[in-house]
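The sequence and the model come first.

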Amino acid sequence: VPYGARVFRIRYTTQDRGQPVQATALVGVPYLPNGTPETRPLTAWTHGTTGFMGECAPSYEGGGDLFGVYLLASLGYVVAAPDYIGLDAEADFSQPPPVLHAYLNIEQTAIGTLDSLRAAVALAETEGTAVQPATNEVVMWGGSQGGHAAMAADLLAPYYAPELGVVATVAMVPPTDLLGIADYAVTSPNPASVAVAAMLVANHTWY
């Protein structure tokens with residue numbers, strides 16, 4: 001890989017149904033040893049299903065999602081990897097989550113992801129890194145639940161974050177046909193059964 005990488009865990013302000021909420025994310029920035037300012041593409045790395053509580057946040061757990069942030073940053077991307085609203089890596093895990101994680105909800109997921117990209121831009125500025133994120137060259141990239149998140153962010157970006165120019169969206173094995181998945185989930189106990197139950201309970205509460 002051509003670069004080293006610096007990875008930060010950040011806390012940023014976003015919103016849920018119009019109310020300000022706090023969320024956590026990882027931000028990866030390429031390390032340029034010569035310190036020459038460069039502009040690099042801005043990427044959202046949206047994770048697959050990890051759970052529904054704060055301790056399930058990838059920035060708390062580490063693992064494969066942390067590797068993905070390092071990998072993309074070392075390839076020259078500025079990376080924002082949101083934990084998603086409701087998966088607060090700095091919450092008091094002995095208490096119920098202060099904000100509901102509305103699993104597979106388009107609005108909450110997209111807004112939290114787009115605000116994490118804005119937070120990554122602010123971090124690069126305040127940390128004085130040599131790398132400046134290119135807000136006109138944004139890539140959404142995720143798998144499974146993260147594939148859904150990437151498409152949700154792509155869908156709402158022109159309305160919620162028009163300053164972000166999305167040039168590509170990579171959605172790997174995304175749950176796109178939620179009705180079809182729900183039909184499959186109730187035919188017999190299968191891996192989709194738990195996910196659909198979680199989606200229905202969370203979104204019933206959210207709405």
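## A loop residue

A residue counts as buried under 20% relative accessible area, as exposed over 50%, and as partly exposed in between. The model is predicted. Thr36 has a relative accessible area of 39%, so Thr36 is partly exposed.

Thr36 belongs to the loop that links β2 (19–31) and β3 (38–46). Thr129 is 93 residues away from Thr36 along the chain, and their C-alpha atoms are separated by 9.6 Å.

## The sheet

Six strands make up an open sheet with mixed pairing, in the order β1-β2-β4-β3-β5-β6. β1 and β6 (166–172) are at the edges; each has a single partner strand, so one side of each has no neighbour in the sheet. From one strand to the next, the twist averages 25 degrees.

At one end of that order, β5 and β6 run parallel and are joined by six bridges. Gly143 stands opposite Met172 of β6.

## Strand β4

β4 pairs with β2 and with β3. The pairing with β2 is antiparallel and has four bridges, whereas the pairing with β3 is parallel and has three bridges. Pro82 in β4 is the bridge partner of Ala25, and Val79 in β4 is the bridge partner of Thr43.

Is β4 enclosed or left open by the rest of the structure? Five of its five residues are buried, so β4 is largely enclosed. Val78, Ala80 and Pro82 are buried on one side of the strand, and Val79 and Ala81 are buried on the other, which leaves both faces covered.

Helix α3 lies across β1, β2, β3, β4 and β5 and runs at about 130 degrees to β1.

## Packing of α3 and α4

Two packed helices are described by the angle between their axes and the distance between the axes. For α3 (residues 106–126) and α4 (residues 145–160), the angle is about 75 degrees and the axes are 8 Å apart. Angles of 65 to 115 degrees count as roughly perpendicular, so α3 is roughly perpendicular to α4.

On the α3 side, the contact includes Ile106, Ala110, Leu114 and Arg118; on the α4 side, it includes His148, Ala152, Leu156 and Tyr160. By class, this contact of α3 with α4 has 11 nonpolar, three polar and three charged residues.

In soluble globular proteins, nonpolar side chains tend to be buried together. The largest nonpolar core here has 30 residues, of which Ile10, Leu42, Leu114, Leu117, Met140 and Leu164 touch the most other members. At least two residues of this core come from each of β1 (4–16), β2, β3, β4 (78–82), α3, β5 (131–143) and α4. α3 gives the most, with seven residues.

Which residues does Leu42 touch, not counting residues up to four places away in sequence? Among them are Val78, Leu117, Ala120, Val121, Pro133, Val139 and Leu164. Thr135 and Glu137 are also touched by Leu42. A second, separate core has nine residues, including Leu104, Val196, Ala198 and Ala202.

Technical notes. Residues are numbered from 1 along each chain as its sequence is written. This is a predicted model: local features need pLDDT of at least 70, side-chain atom pairs count only at pLDDT 80 or more; totals for chains, interfaces and linings use all residues. Side-chain values use heavy atoms; hydrogens and water are left out. Axes are lines fitted to C-alpha atoms, for helices over the stretch in contact, and angles run from 0 to 180 degrees between N-to-C directions. Angles under 35 degrees count as roughly parallel, over 145 as roughly antiparallel, 65 to 115 as roughly perpendicular and the rest as oblique. Contact means heavy atoms within 4.5 Å. Ala, Val, Leu, Ile, Met, Phe, Trp, Tyr, Cys and Pro count as nonpolar, Asp, Glu, Lys and Arg as charged, and the others, Gly among them, as polar. Buried means under 20% relative accessible area, exposed over 50%, partly exposed in between (1.4 Å probe, protein chains only). A nonpolar core is a set of buried Ala, Val, Leu, Ile, Met, Phe, Trp, Tyr and Cys residues joined through side-chain atoms within 4.5 Å. Two strands pair if DSSP finds at least two bridges between them.
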